[in-house]
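Hi,

Here is the structure I promised to pass on.

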Amino acid sequence: FYEQFMINRRITAIERFDILETVSERHRVDLFTHLKGLSMENVYEHGRVDYLNEMPLVFKKSRINLNITLRSIKSGIPLRGFDVMGAGGFLLTNYQADFLDFFVPGEDFVYYEDKRDLLRKIDYYLKHEEERQSIAENGHDKIAARHTYRHRIREMLSRQDGRSL
């Protein structure tokens, strides 16, 4: 319990801070968070926004939405990934194998393997607007076609009684 909820969260926080610092050395970063007073050059804090009503617009309007999965998540796709793509945003995430079961990298989303790869991909996609928008649109369309709450409820119900809906 302690490892999963305390140590992994702390390690993830350190990792996120390090990545934020690295990215902000080369690019402007707009950060929507409850945290205050980070005072990093090129990091602009916007405070917390309402996740249901305002965050989808933030995801859609952001050129790149960065996801850094909690270390405690060993399998599955973080909800943030679905939320970003569902809002029509471009998703750049750390590697999470389960994404590959449902989405195509470079077509629906993009993943990075390390900080160097992350910076390379940020540089690339900021310069390739049409490709970035196409990936965001593909991710959105795949979410709408196959991954809504309605799809998941049907899947759960069909598994429960052994038949398809």
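Below are my notes on one helix pair and some charged residues.

This is a predicted model, so local features need pLDDT of at least 70 and side-chain atom pairs count only at pLDDT 80 or more, while totals for chains, interfaces and linings use all residues. Numbering runs from 1 along each chain as its sequence is written, and side-chain values use heavy atoms, with hydrogens and water left out.

Helices α4 (residues 115-127) and α5 (residues 129-146) have axes that come within 5 Å and cross at roughly 100 degrees, which means α4 is roughly perpendicular to α5 (65 to 115 degrees). Helices here are DSSP runs of H or I, at least four residues. In contact (heavy atoms within 4.5 Å) are Tyr124, Tyr125, Leu126 and Lys127 of α4 with Glu129, Glu131, Arg132 and Ile135 of α5.

Now the charges: there are eight salt bridges (a Lys or Arg side-chain nitrogen within 4 Å of an Asp or Glu carboxyl oxygen). One of them pairs Lys115 with Asp18 at 2.7 Å between the closest N and O atoms, linking α4 to helix α1 (residues 2-24) across 97 residues. Within α5, Arg132 bridges to Glu129 (2.5 Å, N to O), three residues away, about one turn of the helix. Arg132 is buried at 3% relative accessible area, whereas Glu129 is partly exposed at 34% (buried is under 20%, exposed over 50%, partly exposed in between, with a 1.4 Å probe and protein chains only).

Cheers

Technical notes: Axes fitted to C-alpha atoms, helices over the stretch in contact; angles between N-to-C directions. Helix = DSSP H or I, 4+ residues; strand = E, 2+ residues; numbered from the N terminus. Parallel < 35°, antiparallel > 145°, perpendicular 65-115°, else oblique.
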